[in-house]
Amino acid sequence: MKFNNYQTLKQIAQLINAEYIGDDNFEILGINEIHVVEKGDIVFVDHPKYYDKALNSAATVILINKKVPCPVGKALLISDDPFRDFNKITNHFNPFIAAKVSISNSARIGENTIIQPNVFIGNNVSIGQNCVIHPNVTIYDNSVIGNNVTIHANTVLGADAFYYKNRSEGFDKLISGGRVVLEDNVDLGASCTIDKGVSGDTTIGKGTKIDNQVHIGHDTKIGKKCLIASQTGIAGCVIIEDEVTIWGQVGTNSGITIGKGAVILGQTGVTKSVLGGKSYFGTPVSESREKLKEMAEIKRFLKSRKNS
Amino acid sequence: MKFNNYQTLKQIAQLINAEYIGDDNFEILGINEIHVVEKGDIVFVDHPKYYDKALNSAATVILINKKVPCPVGKALLISDDPFRDFNKITNHFNPFIAAKVSISNSARIGENTIIQPNVFIGNNVSIGQNCVIHPNVTIYDNSVIGNNVTIHANTVLGADAFYYKNRSEGFDKLISGGRVVLEDNVDLGASCTIDKGVSGDTTIGKGTKIDNQVHIGHDTKIGKKCLIASQTGIAGCVIIEDEVTIWGQVGTNSGITIGKGAVILGQTGVTKSVLGGKSYFGTPVSESREKLKEMAEIKRFLKSRKNS
Amino acid sequence: MKFNNYQTLKQIAQLINAEYIGDDNFEILGINEIHVVEKGDIVFVDHPKYYDKALNSAATVILINKKVPCPVGKALLISDDPFRDFNKITNHFNPFIAAKVSISNSARIGENTIIQPNVFIGNNVSIGQNCVIHPNVTIYDNSVIGNNVTIHANTVLGADAFYYKNRSEGFDKLISGGRVVLEDNVDLGASCTIDKGVSGDTTIGKGTKIDNQVHIGHDTKIGKKCLIASQTGIAGCVIIEDEVTIWGQVGTNSGITIGKGAVILGQTGVTKSVLGGKSYFGTPVSESREKLKEMAEIKRFLKSRKNS
């Protein structure tokens, strides 16, 4: 999430009432989660195990719960609860505003785009030209939709990431300040759910076609010209490269990568990253040729045993 | 389902035109299905195999298709079709009333609760304080929602149980007269479906967080501080104890129990009750350590065979 | 898809600007995809591998990308791109028209049918008597619904088939001109998606009951008195005969047949056609007795190996 205008280190420190190390006027451009952080961004870290990763990341400002030496050219915000203060910053720059109407006045809708009845379109949504948005679709604030996009009925773009911190008093939600981005020529089936990014974008690449009841988690990047069949669930922070084909009821772990042109057979659980250009099957995932051979060998062995 | 005021045995017998054994003024407090029946309730039974179970249950009145000896302190309603007459009673005390408006005038909505556009809220629904109900959500009659609850877009609370009697002329539906109850601090993702109880409540415990496209069946009780990931389906009459974690695309049989603190890995089919404090994987369900060891042993054996 | 009035070969040829072989006044009744084509219909074929199948099908007119000998009693339309021209014909006779209201004035709704708030009903939809359509349901154009049908909240009838041609410049969608047909006494749960046929009907037979979050693909025929549990996905062009029971989270390949009275256990992947009257389990699919025996044998073998 980028701020509309840059903020100074001092301004952010005052907002969250934190000590800081760095110049008062140190410029901050946005706030992001560790998976997607960029230069100019704040990142947060609250566990010693991840201090080094955060301090050495692309982040320029580290919101941290210990006074550590400040890396050269960076700044620190010292907080007793970085998670809480990360949420405070997100909420300040991207507050949830209740809708007054079904289609926000701040939504920008391109020429020849058809919005069917009972659709909800939130604040600052942008929709390109020649799109069809079918009935009962929900599009949360800040979503970005390209040209020639079709979204079938009852699909939801931009619900919150499923991302909680386990505290003794209950789960504490990381507030999602990111967006959903659909590039040109994307088709989405009915009753899909595409979650917004925690701080970055969840992106569906140009020309990708998605069937009904598919779930796509937060901050996931899906490439161009992919096909994803019905009832597949892609977890958060996944990278799917171009021209991947995924059949029905597939699931994935979070944070994995599926290489270019891979084919994932139905009901597979993609438990780890897989290379492109091959076909995969089973849970845990294997190359489909190997998995099917293994299954045939077992059957053969059991039969031979019975006959002997 | 409890009646608003107690009914007498004679009143109920007249309603369904049934013979009865017991005092005219015998007090009846409600009507419930065998899984959840309580003292003061009517239960129904129409198969000799289950007569004893019904007669010895907590139920005070047994709606039955045979004249049997009446247990002490209880009463009997004799019917040629207890299923039909159970439906007649449910319908009489909890009739379906067509909605005139999107948000019923009888709904009670707490302070600081935000209802986004295109939401449907049925009769006698109660929603607490500081909730957010996102667009295109459907909340059926009589649902009860606590404080600080978030429900994402297009989720459905309170559709009917999937519960049919197979008759020669077609399936006959058991009419659902129960409710959905969400306790405080529950979050529900987008496009979830939580069915109402047949006669009792389907309950999601305090602080439990549920991801997108999750299905929860009728009369299921989910404990406090559980996490349930996307596209999981929990059948009817299931008990999930506190602090259970369920990953994506898990399914369960009906009527089972998942013990406190259990972890169910992705795509598992929970085919029987499992103890708390352990991790489970596979269909049929096994402890995940055992299942993964078994899979590794098979691979090793096939490899050794090939090499020999 | 049948035309409202018959068309002549010459009229269709002019519409798509194609050469033709056959009499100018040759009568054409409709247009259909190869799986469901009938006498009087146009079918298209654009790959030499399928020429014979198309030429020998029930179709009366073959839209083809090569001048081949015309079968007796049939006609040919010669096109450089039959897929494009098939779409052109579908669009001409069944154009997508943006809705002006939530319930189309051309919809026919029977007596005693209740339409709850926030429902969308498209053009030329027909709904019988004594139905209940719950809130936020979406019913696309031309759907046909019988009597005594219940559709729970947020279900979608008639979204497009997931059917694309892979062209170098991107996926090209086959435009769906078919319908969804629900026969009498069908119940659909919440958040289901039933796709329309590409050119024929997707049909749910009399008295069939379907649970929440079920997906049914295009041109699939489901028989009478079937039960389909939650989160099952049936692919396109599937035939499910009468009185089939399918438990939760089952998936199927496209084009297969499930025989009368078969039972498919939870999470099964029906990878090929299966005979009626038996029970099935696993992915790839096996008879459940065999599959469970095989699993037990493997466990026994591994145990015996460890003990020896």
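Predicted model: local features only at pLDDT ≥ 70, side-chain atom pairs only at ≥ 80, totals over all residues.
User: Interfaces next. How many residues go into the contact of chain B with chain A?

Analyst: Chain B gives 30 residues and chain A gives 30 residues. On the side of chain B that touches chain A, 8 are nonpolar, 18 polar and 4 charged.

User: How many residues does the contact take from chain C and from chain B?

Analyst: 30 from chain C and 30 from chain B. The side of chain C that touches chain B splits into 8 nonpolar, 18 polar and 4 charged residues.

User: Switching to domains. Which domains does the assignment give for chain A?

Analyst: Domain 1 covers 2–93, and domain 2 covers 108–289. Their C-alpha centres lie 29 Å apart.

User: How many residues are in contact between those two domains of chain A?

Analyst: 9 residues of domain 1 of chain A are in contact with 10 residues of domain 2 of chain A.

User: Which element gives the largest share of the domain 1 side?

Analyst: Helix α3 (residues 82–93) of chain A, with 4 residues. By class, the side of domain 1 of chain A that touches domain 2 has 3 nonpolar, 5 polar and 1 charged residues.

User: Now the sheet in chain C. What is the strand order?

Analyst: The order is β1-β3-β4-β5-β6-β2 of chain C. The sheet is open, has 6 strands and shows mixed pairing. The edge strands are β1 (2–8) and β2 (19–21) of chain C, each pairing on one side only. Neighbouring strands are turned by 30 degrees against each other on average, direction ignored.

User: Zoom in on β3 and β4 of chain C. Parallel or antiparallel?

Analyst: Parallel, over 2 bridges. Strand β3 of chain C is residues 27–31, and strand β4 of chain C is residues 41–45.

User: What stands opposite C:I31?

Analyst: C:I42, in β4(C).

User: Which strands does helix α3 of chain C lie across?

Analyst: Helix α3 (residues 82–93) of chain C lies across β1, β3, β4 and β5 (61–64) of chain C. The helix runs at about 150 degrees to β4(C).

User: How do the axes of α1 and α3 of chain C cross?

Analyst: At roughly 110 degrees, and they come within 10 Å. Helix α1 of chain C is residues 9–16. The angle makes α1(C) roughly perpendicular to α3(C).

User: Which residues meet there, α1(C) against α3(C)?

Analyst: From α1(C), C:I12, C:L15 and C:I16. From α3(C), C:D85, C:K88, C:I89 and C:H92. That contact has 4 nonpolar, 1 polar and 2 charged residues.

Definitions and conventions: Residues numbered from 1 in each chain as written. Chains lettered and ligands numbered in written order. Pairing = 2+ DSSP bridges. Axes fitted to C-alpha atoms, helices over the stretch in contact; angles between N-to-C directions. Contact = placed C-beta atoms within 7 Å. Domains from an automatic or database assignment. Nonpolar A, V, L, I, M, F, W, Y, C, P; charged D, E, K, R; others polar. Parallel < 35°, antiparallel > 145°, perpendicular 65-115°, else oblique.
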